Structures are given as C-alpha cells and as structure tokens.
Amino acid sequence: MFEQILQLVQQHAQEAVVNNPAVPNENNEAVMQEAGHSITNGLQNLLSGGELNTLFQGGNVSTNNPAIQNISSNFISSITQKFGISSEAASGIAASVIPNVLNSIQNMGNDSGGIQNILSSLTSGNTNLGGV
C-alpha cells in the first residue's frame, strides 16, 4: 500500500519537491518518502477512528478539511525537523502534494481495484468503511 501511495506522491511532487530550490537534491527522495508516510499514517488514523468517510465525501479533497490539515501538518513538521526546510517552503510542498495525492486516491476506479486495494491494505482486508 505504501508503494502505491509513494508512486502517487512521485507523480505529484515533481514541481513541488524536485524542482524546488528549497529542497536540496539529495533530499528529494526522502521528502517524497515522508509525504508517503504522512499520507499512509493519516489514512490509517482516519480509518481507526472511523472518520475516513469525512475525507472522501463531497467531491474533491479540500485543503480546508481538518483531516487534510492534520496530515499536512504532520508532514510539514517532519520535513522541517529532518531536512531543515523552512516552514513556508514545507507548507507550499504540503499544499501542492497532499491534496493532489488524496484526490488521486479518491479518483481511483473500483474497476482497477485501485482505491479498494489501498483501503484493503490499510484495513487488513476489511473494506466496510461506512459509505466510502
């Protein structure tokens, strides 16, 4: 599951991370890994609290959503502490990457099994998520 999320992060992080002078090139991959971990942990926390449906309802994922803000905050804190990236730059990266990856997860069709595979791995096979 983490690998699928990391692939999505890599798809959405080119401009925000790789082409960002605030992120030293040697840290590009590690910053993307942190984004993947933050998203994975955030989804697992939402699932365990029975709140995942609050993330994926009503169209596109909004940066005003408290769940998105929590995932982004954890990511920002992590990369500022680990890599010395400024809070402003980290906030910009989070705003660009986190909602886009979560929108991609939301838009994965059940035909390909995309979102169901990710959610199944988060729940150890229990995909009864109350309306997701």
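Residues are described as buried when their relative accessible area is under 20%, as exposed when it is over 50%, and as partly exposed in between (1.4 Å probe, protein chains only). The model is predicted, so local features need pLDDT of at least 70 and side-chain atom pairs count only at pLDDT 80 or more, while totals for chains, interfaces and linings use all residues. Numbering runs from 1 along each chain as its sequence is written, and side-chain values use heavy atoms, with hydrogens and water left out.

Helices are DSSP runs (H or I, at least four residues), numbered from the N terminus. In helix 1 (residues 2-12), the buried residues are Phe2, Ile5, Leu6, Leu8 and Val9. These buried residues line one face of helix 1, because they fall within an arc of 160 degrees when seen down its axis; the arc is that of the directions from the helix axis to the C-beta atoms. Glu3, Gln7 and Gln11 are exposed on the face turned away from this buried side.

A nonpolar core is a set of buried Ala, Val, Leu, Ile, Met, Phe, Trp, Tyr and Cys residues joined through side-chain atoms within 4.5 Å. The largest such core holds 36 residues, of which Val9, Ile39, Leu55 and Leu102 touch the most other members. Helix 6 gives the most to this core, with nine residues. Leu55 touches Leu43, Leu46, Val61, Asn65, Ala67, Ile68 and Leu102, residues up to four places away in sequence not being counted; contact means heavy atoms within 4.5 Å.

Asn20 lies in the loop between helix 2 (14-18) and helix 3 (28-48). Asn20 is buried, with a relative accessible area of 17%. Apart from neighbours within four places in sequence, Asn20 is in contact with Glu15 and Ile93.

Note on methods: Helix = DSSP H or I, 4+ residues; strand = E, 2+ residues; numbered from the N terminus.
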